[in-house]
Structure formats: C-alpha cells, structure tokens
Amino acid sequence: MALIMENCGLGAPEQKLYRLVLQSEMARTAQPGQFLHIRVAEAPAPLLRRPLSIAAIDAAGGQITVYYRQKGLGTELLARKRPGETLDALGPLGRGFTIPATGALLLVAGGIGVFPLLTLGEAALRRGLACTLLWGGENSAFFAAAAPIAAAIPCRLATVDGSLGTKGTVMALLSPYLAPAAENEAGLRLAACGPYPMLRALVGPVQARRLPLEVSLEATMACGLGACLGCTVSGRNGAGARVMRRVCADGPVFPAEEVDWA
Ligand SMILES: Cc1cc2nc3c(=O)[nH]c(=O)nc-3n(C[C@H](O)[C@H](O)[C@H](O)COP(=O)(O)OP(=O)(O)OC[C@H]3O[C@@H](n4cnc5c(N)ncnc54)[C@H](O)[C@@H]3O)c2cc1C
Ligand code: FES
C-alpha cells in the first residue's frame with residue numbers, strides 16, 4: 001500500500017497529464033526503468049492493474065513519483081484520487097535500465113515515453129556523467145505541460161508540427177550525436193522509450209554505430225509478475241534464436257539486441 005501525497009494535473013487540462021507522488025517503502029529499492037502496477041479501484045472492475053513507470057525516486061524521503069496521461073477508464077479513476085488516500089500499488093517491478101558508471105548517456109524519448117527516462121537521467125547526472133535528452137512531441141502545447149518535469153536534464157526538443165524546437169520526430173535530432181567516433185570511444189550509451197515505430201527506427205542507426213542501446217517497451221499487462229504470459233513479445237537470445245520475452249518480468253527494459261524488430 002502507498003499513501004498518496006500529491007495527484008495533480010500538469011499544464012493545460014486538455015493535455016491530461018498528471019503527477020502522482022506516493023509515500024511508500026518501495027522507494028528504498030526502486031531503480032530507474034522499473035514500474036508500479038496500480039489497482040485503480042476498490043470495486044471489482046476494472047480488475048486489471050495499470051502499469052506506470054517510476055519517474056522519480058526519493059529513497060531517503062520514502063517517496064516515488066509517477067507521471068501519467070489520462071487515457072481510458074483506469075487512468076480516469078486514478079486521476080480522481082486525492083492526497084491522503086491509500087493506493088494498492090505493487091512494485092517496484094521489472095528489470096530497469098543500466099546506470100552507466102562512466103561515459104556519456106543519450107536519452108531518446110517520444111512523447112510520454114520520457115517518463116521512465118527521467119530517473120535514469122537524474123541518476124546519471126548525479127554520477128557526473130554527461131547526459132542529454134532528445135525528446136520529440138506533437139506540438140508546443142504538449143511541451144508547455146510536460147517540459148518542466150525534465151528541467152534537470154539538458155534537453156533538445158522536436159515537434160511534429162514544428163511549433164517548438166526542430167521540426168519532425170525525435171529522429172530529426174539524432175544524427176549529430178551518432179556521428180563522432182570520439183564519443184564512441186568515450187563510452188556513449190543510449191536509452192530510449194516511446195512508440196514502437198520510433199524505437200524501431202532508432203535501432204538501425206544506433207546498431208550501425210555499435211553503440212549500446214536499451215529500450216523500455218510497453219505491452220498490455222495482466223498479472224505484472226511474470227506468471228500469466230499476457231505481456232509477451234518476440235525477442236532474440238544470445239545465439240540470435242527467436243524467444244518469447246515477458247515485458248513485465250524480463251523487461252520492460254531490454255538491450256535492443258534482445259528484441260525481435262522484424
Ligand atoms: C511498463 C509500462 C510502463 C508504463 N508507464 C506509463 C507511464 O509512466 N505513464 C503513462 O501515462 N502510461 C504508462 N504506461 C501506459 C499505461 O499503462 C496505459 O496508458 C494505461 O494502462 C491505460 O489504462 P486506462 O484504463 O486509462 O486505458 P484503457 O485504454 O481503457 O486501458 C484498457 C486496458 O489496456 C491496457 N493498456 C492500454 N494502453 C496500454 C499501454 N499503452 N500499455 C500497456 N497497457 C495498456 C490497460 O492496462 C488496461 O488493462 C505504461 C505501460 C507499461 C507497460
Ligand atoms: S503481465 Fe503476466 S506475465 Fe507479464
């Protein structure tokens with residue numbers, strides 16, 4: 001159980017973005033890239049929990065922050081909850097990101113895919129690593145609501161409609177960062193989260209440079225604990241053979257070479 005400290009809207013209401021701060025023992029063990037599986041109602045329906053990424057961890061203060069976009073019934077019910085209420089949240093669940101000890105980290109986010117990358121970026125900056133966030137979104141209205149949550153991380157933005165930053169998807173920002181061999185030698189790593197087509201477009205150029213890339217995947221989940229096989233995706237093992245991977249337990253973060261992008 002977690003105690004709700006804050007559950008508030010961010011930016012313009014039509015963006016439907018929320019920050020949820022929880023007081024919980026889970027903060028002591030949570031790692032960047034892991035997620036919470038949240039029961040949004042005490043009533044029997046909706047039965048399934050909703051997975052939300054851990055976006056900030058305050059281990060000393062015992063607090064975890066998640067951000068969410070109100071999408072359907074589950075997140076609508078979540079948005080109605082008030083500070084002081086308790087929330088049935090399982091976690092921290094899943095396999096998170098590698099936090100590099102040295103080198104440089106490039107975060108690549110599509111829209112609300114930024115959420116699991118925030119705590120990774122802040123962990124990398126605390127270790128003194130160079131860290132940059134490349135972040136693509138629909139338009140300036142999205143970033144007016146969402147950009148403040150990533151204020152601690154050096155950031156470059158792209159919008160599909162060109163209303164802010166570079167025009168295009170986040171891929172329009174990528175090429176200068178992949179070019180210099182020197183950065184390769186300095187140990188550049190990438191971590192990404194966003195829509196599947198974005199991740200798929202990213203993999204080719206990054207792997208062509210032989211740079212390590214971890215991706216956080218989404219899948220519709222039931223148990224969230226590795227038991228029901230409801231969240232499986234096609235992956236590759238070390239020998240290149242096709243294997244099934246459970247996003248909730250084997251991921252949600254995978255080395256890009258462990259995902260079957262075909
Ligand atoms: C590991 C993981 C981390 C996530 N982190 C975040 C986050 O930090 N912030 C955020 O806003 N969203 C996140 N999502 C997506 C979020 O879980 C869905 O948007 C949410 O479950 C939708 O529930 P709903 O009832 O409002 O919508 P509905 O569309 O009514 O949901 C119906 C059912 O589909 C499932 N579902 C719908 N969309 C998704 C989706 N994209 N991924 C997985 N299951 C889905 C729901 O769990 C539910 O069982 C994450 C998903 C995963 C798998
Ligand atoms: S949701 Fe049950 S195995 Fe992943």
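1. Conventions. Residues are numbered from 1 along each chain as its sequence is written, while chains are lettered from A and ligands numbered from 1 in the order in which they are written. In this predicted model, local features need pLDDT of at least 70 and side-chain atom pairs count only at pLDDT 80 or more, whereas totals for chains, interfaces and linings use all residues.

2. Domains. The chain is assigned domain 1 (2–93), domain 2 (97–216) and domain 3 (217–262); such bounds come from an automatic or database domain assignment. Between the C-alpha centres of domain 1 and domain 2 there are 24 Å.

3. Contact between domains 1 and 2. Here 14 residues of domain 1 meet 16 residues of domain 2, a contact being two C-beta atoms, placed from the backbone, within 7 Å. On the domain 1 side, β5 (56–58) and β6 (63–69) each give at least two residues. That side has nine nonpolar, four polar and one charged residue. Ala, Val, Leu, Ile, Met, Phe, Trp, Tyr, Cys and Pro count as nonpolar, Asp, Glu, Lys and Arg as charged, and the others, Gly among them, as polar.

4. The sheet. Seven strands form an open sheet in the order β4-β3-β7-β1-β2-β6-β5, paired antiparallel. Because β4 and β5 stand at the edges with a single partner strand each, one side of each has no neighbour in the sheet. Neighbouring strands are turned by 35° against each other on average, direction ignored. Strands are DSSP runs (E, at least two residues), as are helices (H or I, at least four), numbered from the N terminus; two strands pair if DSSP finds at least two bridges between them.

5. One strand pair. β3 (residues 35–39) and β7 (residues 86–93) are joined in the antiparallel sense over four bridges. F35 has L93 of β7 as its bridge partner.

6. Helix α2. This helix (residues 115–126) lies across β4, β5 and β6, at about 50° to β5. Its buried residues are F115, P116, L117, L118, T119, L120, G121 and A124, where buried means 20 or more other C-beta atoms within 10 Å of the residue's own. After α2 comes G128, with a positive phi near 85°.

7. Ligand 1. Of the 22 residues around ligand 1, the nearest are S53, Y68, G72, G74 and T75; the cut-off is a C-beta atom, placed from the backbone, within 6 Å. β4 (50–53), β6 and α1 (73–79) each supply at least two residues of this shell. Domain 1 and domain 3 each contribute at least three. By class, the shell has 13 nonpolar, five polar and four charged residues.

Key
Buried ≥ 20, exposed ≤ 12 C-beta atoms within 10 Å, placed from the backbone. Axes fitted to C-alpha atoms, helices over the stretch in contact; angles between N-to-C directions.
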